[in-house]
Amino acid sequence: MPDIYTKEWYDEIRDLLNRNPEVEKHAPRGQYKVLAELRGDGNSPYIASGKELSFGILFDDGKCADYYELDAPPVRNDFDFIFEFPAALFEGVAAGTVDPIDAGLKGTIKITGDMRILIQHAELVNILHAVYAKEVETSWPKGRPPY
């Protein structure tokens with residue numbers, strides 16, 4: 001079980017996404033770069049208040065070509081979709097205690113990008129959530145959500 005936010009954790013998620021036939025079936029064709037920006041919200045024991053952690057995901061014809069943490073602030077224009085999360089909320093999604101669609105509809109997750117593509121592939125969000133919540137065996141060295 002890799003610790004959350006480690007290279008091993010990102011690699012395991014990438015590998016699980018690529019082994020799941022539903023991801024390939026529901027992901028849009030072509031290349032899409034996704035940016036997730038997590039902001040320390042005072043609730044997460046992993047990302048301090050006022051700090052940020054960003055990771056990118058590259059989908060290429062239904063496969064997850066890369067899933068990686070960014071070392072420097074990202075160039076936002078390089079990404080097709082940007083998801084901005086309070087850190088504890090994202091960790092709740094990763095732990096399976098928070099529904100990302102519900103959080104997105106309530107505006108708790110800020111989403112930037114072509115919403116038509118996102119709506120056409122809405123089932124992919126459910127599949128990704130299931131991978132995080134049920135397939136990735138995450139280790140939570142500082143505690144598991146909810147906090």
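Helices α3 (residues 87–95) and α6 (residues 122–135) are roughly perpendicular to each other (a term for angles of 65 to 115 degrees), since their axes cross at roughly 75 degrees and come within 6 Å. This is a predicted model, in which local features need pLDDT of at least 70 and side-chain atom pairs count only at pLDDT 80 or more, while totals for chains, interfaces and linings use all residues. Residues are numbered from 1 along each chain as its sequence is written, and side-chain values use heavy atoms, with hydrogens and water left out.

**Helix contact**
- Phe90, Val93 and Ala94 of α3 meet His129, Tyr132 and Ala133 of α6 (contact means heavy atoms within 4.5 Å).
- The residues of this contact comprise five nonpolar, one polar and no charged.

**Largest pocket**
- The largest pocket holds about 760 Å³ of space, a pocket being an open set of points on a 1 Å grid where a 1.4 Å probe fits, with protein on both sides within 12 Å along at least five of seven lines.
- It is lined by 33 residues (those with an atom within 4 Å of a point), of which Phe83, Ile111, Leu118, Val125 and Leu128 are the closest to its centre.
- Helix α6 gives the most to this lining, with seven residues, and the lining as a whole divides into 30 nonpolar, three polar and no charged.

**Hairpin**
- Strands β2 (residues 52–60) and β3 (residues 63–69) run antiparallel and are joined by six bridges, where pairing requires at least two bridges found by DSSP.
- Asp60 has Lys63 of β3 as its bridge partner, and Asp61, in the hairpin with two residues between the strands, takes a positive phi near 50 degrees.

Key
Helices (H or I, at least four residues) and strands (E, at least two) are DSSP runs, numbered from the N terminus. Axes are lines fitted to C-alpha atoms, for helices over the stretch in contact, and angles run from 0 to 180 degrees between N-to-C directions. Angles under 35 degrees count as roughly parallel, over 145 as roughly antiparallel, 65 to 115 as roughly perpendicular and the rest as oblique. Ala, Val, Leu, Ile, Met, Phe, Trp, Tyr, Cys and Pro count as nonpolar, Asp, Glu, Lys and Arg as charged, and the others, Gly among them, as polar. Grid points are joined across faces, edges and corners, and a volume is the space filled by probe spheres set on the points.
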